[in-house]
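Please keep the structure open while reading.

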Amino acid sequence: MNPHEIDLHKELKKYFGFDQFKGLQEQVVKSIITGNNTFVIMPTGGGKSLCYQLPALVLGGTAIVVSPLIALMKNQVDAIRSLSSEYGIAHVLNSSLNKTEVNQVKKDITSGITKLLYVAPESLTKEEYLQFLNEVPISFVAIDEAHCISEWGHDFRPEYRNLRNIVRQLGDVPMIGLTATATPKVQEDILKNLDMPNANTFKASFNRPNLYYEVRTKTKNIQSDIIRFIKQHKGKSGVIYCLSRKKVEEIAHVLQVNGVSAVPYHAGLDAKTRARHQDMFLMEDVEVVVATIAFGMGIDKPDVRFVIHHDIPKSLESYYQETGRAGRDGGEGHCLAYYSYKDIEKLEKFLSGKPIAEQEIGFALLQEVVAYAETSMSRRKFLLHYFGEEFDDVTGDGADMDDNIRNPKTKVEAQDQVVA
Ligand code: ADP
Ligand code: MG
């Protein structure tokens with residue numbers, strides 16, 4: 001379709017109530033509406049959903065959206081339904097539906113009501129669904145969280161590798177890949193795997209100028225150091241990430257004993273407790289959540305003021321994602337990581353039980369984490385370089401929001417740290 005025939009701002013307002021597109025959204029929307037294969041790399045919160053939702057709403061046929069998590073799909077479908085009087089405008093197709101529900105979905109698609117169909121990759125492989133989807137008009141297939149395709153990404157899902165073949169069975173429909181995690185390696189993997197080397201690619205900047213990056217050497221005084229830090233940020237919301245559930249419980253307890261209102265969050269807690277702790281944090285009944293990486297997916301609290309890593313994560317993508325939960329509102333966001341080489345050795349030990357290919361990737365990612373932690377240059381420059389982005393550490397936006405820039409190490413200190 002020719003995008004000039006559509007008043008995109010009017011559609012944006014009509015469906016979403018927004019007056020303006022954010023960042024690269026308008027260009028992406030135009031690319032998709034024109035029927036191009038399109039690749040979108042935008043940080044979390046950048047507004048990727050709208051990039052395919054708006055085209056889906058204005059184009060004929062149904063758009064298929066592949067997404068890895070049922071909870072995320074459900075949220076999105078509920079959000080879309082709230083934009084329209086037509087309940088069937090968006091549906092989820094997955095194994096949780098009974099026969100009657102599946103038939104309703106099929107009916108709504110056939111009658112053209114359904115503009116967005118969310119599916120998990122494993123549902124898309126089901127012969128029954130495929131046959132049906134083959135017979136109805138599909139506007140395009142959007143693959144959200146496309147980094148799941150890559151072993152170099154932080155959330156590899158083997159089923160994602162099959163998507164290209166499946167989409168081929170649906171005929172010649174345009175494909176849209178979207179991700180917030182795009183080191184050049186992951187990008188390459190996505191384009192190769194989706195077999196769309198000539199896709200229109202849109203990459204937003206990953207710079208978060210309001211985030212302050214700091215790394216402290218991890219010593220045995222870490223707990224009192226964290227408590228001091230939190231007391232300096234009294235009344236503010238923060239997240240503390242730990243590697244293990246045991247550590248989460250320990251730190252949460254230590255904080256509580258020391259008068260900090262904190263709750264633990266990890267996959268070992270039952271769903272009810274997890275939901276309660278998450279709500280307490282969102283409602284500001286507690287200041288701090290101590291969590292494993294189980295916490296955060298889809299959490300949208302705009303005023304998280306600090307993210308502390310008690311343990312350094314296994315990759316810089318993870319670090320960027322997790323710290324990215326700070327300062328969503330553009331206000332202060334202090335990102336503090338504690339680092340000791342012992343923790344790296346621990347992570348290496350985790351890896352050593354895995355298949356060789358996975359080990360190699362894991363070690364390479366860890367080396368980048370070490371280099372980040374030990375660098376004496378601008379941490380922002382380092383991170384952005386890792387994402388394939390140039391950053392001017394003198395004039396760039398947020399250039400001084402970094403411990404290495406505010407308190408440059410002397411050469412000797414920097415060397416000491418590397419040797420230690
Ligand atoms: P991503 O998938 O890139 O992490 P989302 O699609 O979840 O981001 O969008 C993040 C937030 O940005 C949502 O709350 C969404 O409503 C908002 N948003 C998206 N586009 C716009 C826009 N054009 N104007 C204002 N807010 C927007
Ligand atoms: Mg998203």
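Seven strands make an open sheet with parallel pairing, in the order S3-S4-S2-S5-S6-S1-S7. Strands and helices here are DSSP runs numbered from the N terminus, with at least two residues (E) for a strand and at least four (H or I) for a helix. Two strands are taken as paired if DSSP finds at least two bridges between them. The edges of this sheet are strand S3 (90–93) and S7, each of which pairs on one side only. On average, neighbouring strands of the sheet are turned by 20 degrees against each other, direction ignored. Such angles run from 0 to 180 degrees between N-to-C directions, with axes as lines fitted to C-alpha atoms, for helices over the stretch in contact.

The model is a predicted one: local features need pLDDT of at least 70, side-chain atom pairs count only at pLDDT 80 or more, and totals for chains, interfaces and linings use all residues. Residues are numbered from 1 along each chain as its sequence is written, while chains are lettered from A and ligands numbered from 1 in the order in which they are written. The protein chain has an average pLDDT of 93, and 97% of the residues score at least 70; pLDDT is the predictor's confidence in each residue, from 0 to 100. The ipTM is 0.99 and the pTM is 0.86.

Ile143 faces Gly177 in S6.

A further open sheet has six strands, in the order S8-S13-S12-S9-S11-S10, and its pairing is also parallel. Strand S8 (211–217) and S10 are at its edges; each has a single partner strand, so one side of each lacks a neighbour in the sheet. Neighbouring strands of this sheet are turned by 15 degrees against each other on average, direction ignored.

S11 pairs in the parallel sense with strand S9 (residues 237–241) over four bridges, and four bridges also join S11 to strand S10 (residues 262–265), again parallel. The chain passes from S10 through H12 to S11 in a right-handed β-α-β crossover, that is, clockwise from the first strand over the helix to the second with the strands pointing away from the viewer. Residues that stand opposite each other across these pairings are tabulated below.

| Residue | Opposite residue in S11 |
|---|---|
| Tyr241 | Ala291 |
| Tyr265 | Ala291 |
| Val263 | Val289 |

Val288 and Val290 point one way from S11, Val289 and Ala291 point the other way, and all are buried. Buried means 20 or more other C-beta atoms within 10 Å of a residue's own, exposed 12 or fewer, and partly exposed in between, with C-beta atoms placed from the backbone.

Ligand 1 is surrounded by 14 residues, the closest being Phe18, Lys22, Gly47, Lys48 and Ser49; a residue is near if its C-beta atom, placed from the backbone, lies within 6 Å. Helix H3 (residues 48–58) gives the largest share of this shell, three residues. By class, the shell has five nonpolar, seven polar and two charged residues. Nonpolar covers Ala, Val, Leu, Ile, Met, Phe, Trp, Tyr, Cys and Pro, charged covers Asp, Glu, Lys and Arg, and polar the others, Gly among them.

Most residues other than glycine have a negative phi. Asp195 has a positive phi, near 50 degrees, and lies in the loop between helix H9 (184–193) and strand S7 (200–203). Asp195 counts as partly exposed because it has 13 C-beta neighbours inside 10 Å. Phi of Glu284 is also positive, near 65 degrees; Glu284 sits in the loop between helix H12 (271–282) and strand S11 (288–291). With 13 other C-beta atoms within 10 Å, Glu284 is partly exposed.
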